[in-house]
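I opened my notebook on this one with a few plain look-ups in mind. Here is what I wrote down, entry by entry.

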Amino acid sequence: MGTRKAPDWRFRRAFALHVSRFTFHFLRSTLFGLLVSVLFSNAAFSQNITLSADVTPKIISLNETATLRVTVSANQQLGNIRPPNLKAVPEFNVSYGGASSQYNLTGNQISVSITWTYVLRPKKVGQFMVSSIQISHGNQTYTADPISIKVVPRSKKPSQSESTQDTFTDAFSGSTHKVEAAVDDPHPYVNEQIIYTFRYLYTARIPSFNTPKYTRPSLRQFWTAELERKQGRRQVIDGTLYSIEEIQVGLFPIAAGKITIEPAKLSLPLAAGRGRLQSSSRVLVTNPVEVNVRPLPRESKPTNFAGTVGQYRIHAQTDRGTVEAGDGFTLRVRVAGTGNIETVPAPTVPTLPNMAIYDPQITDAIGIVDSKVQGSRTYEYVIIPSKEGHWTVPAINYPYFDPQAENYQIARTVPITINVLSNPNQAAGGTTLAGITQSDMHLLKQDIRYIKPDSLELSDQHLYPYKHVSFWVVQTLPIAAVLSVWFYRQRQGKRDPKQVRRQQAARKALSLIEDAKKYATDEPVAFYGTLASGLYQYIGDLFDISPGGLNPQLVRQRCEDAGFPESTTTQIVDTLTQYDYVRFAPVAATSTDVEDALNRARASISEIEKERQLKIQ
Amino acid sequence: MRGMKNWKYGRIEDKKRILSHFIFLVCFLSFSSWWMHAYSQSQSTLEASYWSADALYQGGQYQQAVEKYEQVAGSIQNSAVYYNLGNAYFRLGNRGKAILNYERAKRLTPRDKDTNFNLKVAKARNVDSFDLVKPLSGFSLLYGALRPNEIVWIGLIPYWIATISLIVIQLIQNHRFQRALRYVVLIGGIGWLFSLLVLGLKIREINLPYAIVITNQVTVRSEPDLGSETIALPLHEGTKIQLQEERNDWVKIYLPDENSGWLSADAVEKI
């Protein structure tokens, strides 16, 4: 019964093995499928680009403008992306207002966004849709959702009390809240510091967990410096006690003319409760502030004036008074004072005969004192004198405009004398500071090339290839292949009996020849017979035939068929013929004859083996 | 009945085999997913830092850009990062660090035109118009412009030709063709060994302890001691030097005519 069932069991077992292998291959395929899908899902995720558009305000009157912001966001580098085309908005005059970009890293998530701003000036009254805002990136086009904007006649514009009020009284707490903005000097000179102050006055805090949120106005026409926040001050105004919080910004006007600083905003959080159904906010808006920036006077302007405004002093010193020719010393020029230190131009160091002056290193020390930007900028020049003697670094003039005195001033350094000694090393041409070559002069006028684009792959470029697996793989793989083929050939040879016989032919023949030695002197017939048997055995093994029927003629034929040279063939045939002759007409063999016979047998085998090595691998 | 036992035994073996395959696949899948996730996260962080560094550079905020680039350069060796870092230092007037980073970039991409140009521009502003390094042998002309990886790939060509020839020799019967292929094997082998020799020389050159002076000026002394004699003119920012020895806060440098001197280690930074 068991015997009858055996084929069924074998079938079942084979089937189970087959299923196992299939499952393995299926899982392996699934694994790679999953890996590929993970890769593609990462890629798809990394290509997540969204386009959004927003317009503020959504209701404007005919003589007002609205701001349209188009934002493209992605979690990858966007590269060169063109602004959206907004020509298809016939109801508005559209002007481009600039772009801003932002990079963020939250956890390990990158977000990149670019926002383009447009100013929309309506041409007519009505309800309009701004649609077809599109951008192209790669081969794809992204479209933003349409936006509705309502343009009303000037008289019919709904009042926006919330956005124009600077005062708010909270009916429930009874507290009053006011905001105001001002500058300390509405008529500054270009690059003169003024202080913009935003004030928040309140009789009592609004009960809320959130704090009021301040929105600074756009200050694009100024260099700005954050000053300080003042709070806790109290003042009685019109019989009411107010707490006052102040935010100050130092402003340096960039150009002359009338500048209107837009209103600042303060959003007051209003918590739910006490009659309020839900939490909300109330926005208070300051008055706009006008600044008339005066140009710097043209009269009596120093010739080398470079736009420095403020009150400054200048000081120069060297790190030593005596140096050797070819040795360097450091000239430190420190410009210090009140004003926009970050923009002060470098002082003009006069050309010094027989001295090479190199680019300075710049160090800033900037602070705020009494709401004024103050500090210093130090320029460190390395100077190399080339000749001995007493040399003078002349006074350095540093002109500036003093807005308080309303005239130009010139700060000066004191001349510095340097004693340059002769230098034996320089004369000997040792480790001296050689002069600048023409090529160097050419390079000194050139600027460095720009940074590499960030679209380049950020890979780790290794210096030591042997530290990587790939190096060892490509080096060992060919050797492994060669060894594999060699082993394969060896195994193939062992399995083939013809091959085995052929490989062992010489060894067996030489063994028989050695055996013949024992008959050498006493039995010449046996001696030559054994030698002949050895050679016939060798030929038989070589060509996989029986040695029994072989004779010299057959051996010649076989050797010729195998393509052995004539000399090799003749040698073995002659040897065999000689052995046959002595076997059938025996004479006493001398020791010389024995030795000669043995050598001829060995030489014949050796010759054939050489040829065989060349022919049969 | 005996057959039935065998069958049952066989089925259990197969089940075990299937289970082991399944466990292997699950482990492999988990490890791969974890590795890919970790790698992509670290790569994203680096790329974000690199992009923000570029944005800061473009906005003229060089000091902040330097901090970001240094952060990236601390994690990977990349010539573009070193190059951009060098630019940011150059804009800050820190020529020594600029040259240091251009040299690091050049070591990774020796033929990059921008790197070589900026290195020349920065070095033209050096006070010292020389480098205190031992001259390399004329042999270095062979591999100076090649990266180690490129030398490996060039050497693989004769190597693979030689090994393919070896395989063919074993598989064919034509003894004349075999004899010709033996010469190919010999020449290919020599070519491969020569490439390994060049690679060794290149690695040796890379490992030479070069450094850049990063302070404004540094005095060369006869001994590692502030009180020792000054034996040469001071070196200035941006000069390339070759170190012979490092000892505590001092480094011994090569000077011409087989002389040597000592510098404060704070004044130099290795490439």
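Predicted model: local features only at pLDDT ≥ 70, side-chain atom pairs only at ≥ 80, totals over all residues.

**Entry 1: helix α2 of chain B**

I began with the buried residues of α2(B), which are Ala65(B), Val66(B), Lys68(B), Tyr69(B), Val72(B) and Ala73(B). Buried here means 20 or more other C-beta atoms within 10 Å of a residue's own, exposed means 12 or fewer, and partly exposed is in between, with C-beta atoms placed from the backbone. Helices (H or I, at least four residues) and strands (E, at least two) are DSSP runs numbered from the N terminus.

Residues are numbered from 1 along each chain as its sequence is written, and chains are lettered from A and ligands numbered from 1 in the order in which they are written.

I then checked the length of α2(B): its 12 residues should span 16 Å at 1.5 Å a residue, and the end C-alpha atoms are 16 Å apart, which agrees. The expected span is 1.5 Å times one less than the number of residues.

**Entry 2: α2 against α3 in chain B**

How do the axes of α2(B) and α3(B) cross? I found that helix α2 (residues 62-73) and helix α3 (residues 79-91) of chain B have axes that come within 9 Å and cross at roughly 155°. That makes α2(B) roughly antiparallel to α3(B). Axes are lines fitted to C-alpha atoms, for helices over the stretch in contact, and angles run from 0 to 180 degrees between N-to-C directions. Under 35 degrees counts as roughly parallel, over 145 as roughly antiparallel, 65 to 115 as roughly perpendicular and the rest as oblique.

The crossing of α2(B) past α3(B) is left-handed, that is, the near helix is turned anticlockwise from the far one by less than a right angle (clockwise would be right-handed).

Among the α2(B) residues that meet α3(B) are Tyr62(B), Ala65(B) and Tyr69(B), and the α3(B) side includes Val81(B), Leu85(B) and Tyr89(B). Contact means C-beta atoms, placed from the backbone, within 7 Å. By class, I noted 11 nonpolar, 1 polar and 2 charged residues where α2(B) touches α3(B). Ala, Val, Leu, Ile, Met, Phe, Trp, Tyr, Cys and Pro count as nonpolar, Asp, Glu, Lys and Arg as charged, and the others, Gly among them, as polar.

**Entry 3: α3 against α5 in chain B**

Next I followed α3(B) to helix α5 (residues 113-124) of chain B, where the two pack at about 25° with their axes 11 Å apart. They are therefore roughly parallel to each other. Here, too, I logged a left-handed crossing, α3(B) passing α5(B).

Ser79(B), Tyr83(B), Gly86(B), Asn87(B) and Phe90(B) of α3(B) meet Asp114(B), Thr115(B), Asn118(B) and Ala122(B) of α5(B). This contact of α3(B) with α5(B) divides into 3 nonpolar, 5 polar and 1 charged.

**Entry 4: helix α8 of chain B**

Helix α8 (residues 175-206) of chain B has 32 residues and reaches 46 Å from first C-alpha to last, close to the 46 Å expected at 1.5 Å a residue. I listed its buried residues, including Leu181(B), Trp192(B) and Lys202(B). The buried residues of α8(B) pack against α6 (140-143) and α7 (148-171) of chain B.

**Entry 5: chain A**

I counted 10 helices and 29 strands in chain A, and 23% of its 617 residues are buried.

Helix α7 (residues 524-543) and helix α9 (residues 566-584) of chain A pack at about 150°, axes 9 Å apart. That makes α7(A) roughly antiparallel to α9(A). The contact of α7(A) with α9(A) has 10 nonpolar, 2 polar and 2 charged residues.

I also looked up Ala516(A), in helix α6 (residues 497-516) of chain A. Is Ala516(A) buried or exposed? Ala516(A) is buried, with 22 other C-beta atoms within 10 Å. Ala516(A) and Leu531(A) are 15 residues apart in sequence and 6.2 Å apart in space, C-alpha to C-alpha.

**Entry 6: two serines**

Most residues other than glycine have a negative phi. Ser300(A) has a positive phi near 55°, and Ser371(A) has one of about 65°. Ser300(A) is exposed, with 8 other C-beta atoms within 10 Å, whereas Ser371(A) is partly exposed, with 16.

Key:
Contact = placed C-beta atoms within 7 Å.
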